[in-house]
Amino acid sequence: MGRQKQWVVKLSDDERQQLTDMTRKGVHSARVMTRARLLLLSEQGLLDQEVAQRQGVNAATVASIRKKDAEGGLQAALYEKERPQQPPKLDPQQTAILIAEVCRAPDGREKWTMQLLADRLVTLGVVDSSSDETVRRTLKKTRRDRGKFKVGVSLR
């Protein structure tokens with residue numbers, strides 16, 4: 001026999017109906033539908049391990065969803081909080097300078113490398129420091145036609 005659950009799922013009739021409707025109609029993301037099923041099964045008094053096996057998730061996931069439901073309610077359990085986004089490393093003007101540099105041939109070379117471009121931005125005084133990964137991400141986000149730029153490294 002397992003120990004007493006710390007976070008017990010208690011759904012109102014409306015919440016239970018809402019979750020049942022969500023699981024029957026496939027208009028929600030798979031993650032939300034899985035969480036709805038976890039809450040419905042958890043309310044039946046099943047152990048986390050049993051619920052996890054039925055839904056193909058980890059028992060810790062079941063406990064986490066039950067905790068979110070108990071602390072923040074149904075919406076907190078079903079949907080994740082928005083995560084803060086990090087501002088881009090290069091502003092639009094710096095990005096334009098980077099693209100202009102990519103469009104011309106590097107001195108004494110046939111193709112640019114990401115590191116050469118990062119070093120070039122520092123040499124031009126566009127940024128204080130830059131990495132090849134920043135250059136790669138920026139070009140990946142701004143490039144539309146892969147044939148335009150001559151860069152020796154794949155931009156994935």
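1. Let's start with Val32: setting aside neighbours within four places in sequence, Val32 is in contact with Met22, Leu78 and Tyr79 (contact means heavy atoms within 4.5 Å). Val32 belongs to helix α2, where helices are DSSP runs of H or I with at least four residues, strands are runs of E with at least two, and both are numbered from the N terminus.

2. Before going on, please keep in mind that this is a predicted model, in which local features need pLDDT of at least 70 and side-chain atom pairs count only at pLDDT 80 or more, while totals for chains, interfaces and linings use all residues. Residues are numbered from 1 along each chain as its sequence is written, and side-chain values use heavy atoms, with hydrogens and water left out.

3. Is Val32 buried or exposed? Val32 is buried, because its relative accessible area is 7% (buried is under 20%, exposed over 50%, partly exposed in between, with a 1.4 Å probe and protein chains only). The C-alpha atoms of Val32 and Glu80 are 9.3 Å apart, although 48 residues separate the two along the chain.

4. Ser42 is another residue of helix α2. Ser42 counts as buried because its relative accessibility is 6%. A polar atom of the Ser42 side chain sits 2.7 Å from the backbone oxygen of Leu38.

5. Now to the helix pair. Helix α2 (residues 30–43) packs with helix α3 (residues 48–55) at an angle of about 140°, and their axes are 10 Å apart. Here axes are lines fitted to C-alpha atoms, for helices over the stretch in contact, and angles run from 0 to 180 degrees between N-to-C directions.

6. Which residues make the contact of α2 and α3? From α2 come Arg37, Leu38, Leu41 and Ser42, and from α3 come Val51, Arg54 and Gln55. These residues divide into three nonpolar, two polar and two charged (Ala, Val, Leu, Ile, Met, Phe, Trp, Tyr, Cys and Pro count as nonpolar, Asp, Glu, Lys and Arg as charged, and the others, Gly among them, as polar).

7. Finally, the chain overall. The secondary structure comes to eight helices and zero strands. Of the 156 residues, 31% count as buried. Among contacts between residues at least 6 apart in sequence, 52% join residues at least 24 apart.

Note on methods. Polar contact = N/O pair within 3.5 Å; in protein donor to acceptor, adjacent residues only side chain to side chain.
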